[in-house]
Amino acid sequence: MKKAPVFLITIMILFFVTGTAVAVFESGPSSPETIRGKITYKGPANVDLQTIVVEAHQRGNFGDRPVSRATLKGPGDYELKIKSGIYYLRAFVDRNGNGTLDENEPVGEYDKTKAVVLPPLSSKMGVNIVIEE
C-alpha cells in the first residue's frame with residue numbers, strides 16, 4: 001500500500017477541519033525550484049581558484065543584476081534555489097573577491113545559445129559550466 005505524502009495529508013486534514021483547502025507556493029530562498037550543475041576550470045594549473053561565483057540572470061547579455069548566485073570554494077558542484085522562470089547562467093573566478101565579474105577574470109557561460117527554462121516546482125540538473133582562460 002502506498003503512503004500519501006505528508007503535505008497531502010496536511011491539506012486533507014485542513015479541508016476536513018475548515019471545509020476549505022488552500023495551497024500556497026512561494027518562491028525564493030526556500031523555493032522548491034533549483035538549478036544544479038558542475039563548474040570546471042580549464043586553464044593554467046597555478047591559478048588561484050579559491051572563489052568561484054555562479055550567477056543566474058534574466059537577460060542573455062548579463063546586463064541585469066543576478067537573480068540568484070552561489071559562491072564556491074573552487075570548481076565543483078553548485079545549486080541555486082530560484083523562482084521558476086527563464087535564466088542565463090555564468091560562472092567566473094573572482095580573483096579579487098569583490099563578487100563582481102571584472103575584466104581580467106576568467107568566465108564561462110552555460111550554452112550561450114539557450115536559456116535554462118525552469119517550470120514551477122521543478123529542478124534542472126546538469127547545467128554544467130566550463131570556465132576557460
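Arginine 69 and glutamate 55 form a salt bridge, with their closest N and O atoms 3.2 Å apart. This pair links distant parts of the chain, since arginine 69 sits in strand 3 and glutamate 55 in strand 2, 14 residues apart. A salt bridge here is a side-chain nitrogen of Lys or Arg within 4 Å of a carboxyl oxygen of Asp or Glu, and strands are DSSP runs of E with at least two residues, numbered from the N terminus.

A word on the background: this is a predicted model, in which local features need pLDDT of at least 70 and side-chain atom pairs count only at pLDDT 80 or more, while totals for chains, interfaces and linings use all residues. Residues are numbered from 1 along each chain as its sequence is written, and side-chain values use heavy atoms, leaving out hydrogens and water.

**Salt bridges**

The whole structure holds six salt bridges. One of them joins arginine 36 to glutamate 79, with the closest N and O atoms 2.6 Å apart. Arginine 36 belongs to strand 1 and glutamate 79 to strand 4, so this pair ties together parts that are 43 residues apart in sequence. Glutamate 79 also meets lysine 81 in a salt bridge (3.7 Å, N to O), and Arg36, Glu79 and Lys81 are linked in a network.

The table gives the relative accessible area of the residues in these bridges; buried means under 20%, exposed over 50% and partly exposed in between (1.4 Å probe, protein chains only).

| Residue | Relative accessible area | Class |
|---|---|---|
| Arginine 36 | 29% | partly exposed |
| Glutamate 55 | 2% | buried |
| Arginine 69 | 37% | partly exposed |
| Glutamate 79 | 35% | partly exposed |
| Lysine 81 | 40% | partly exposed |

**The core and strand 5**

The largest nonpolar core has 23 residues, of which Ile35, Ile39, Tyr78, Leu80 and Leu89 touch the most other members. Strand 5 gives the most to this core, with four residues. Such a core is a set of buried Ala, Val, Leu, Ile, Met, Phe, Trp, Tyr and Cys residues joined through side-chain atoms within 4.5 Å.

Beyond residues up to four places away in sequence, leucine 89 touches, among others, Ile35, Glu55, Tyr78 and Leu80; contact means heavy atoms within 4.5 Å. Arginine 90 is found in strand 5 and is buried, at 13% relative accessible area. Its contacts outside four places in sequence include Glu55, Phe62, Glu109 and Ile129.

**Threonine 40**

Threonine 40 lies in strand 1 (residues 34-42) and is partly exposed, at 30% relative accessibility. Leaving aside neighbours within four places in sequence, threonine 40 contacts Pro75, Ile129, Val130 and Ile131.
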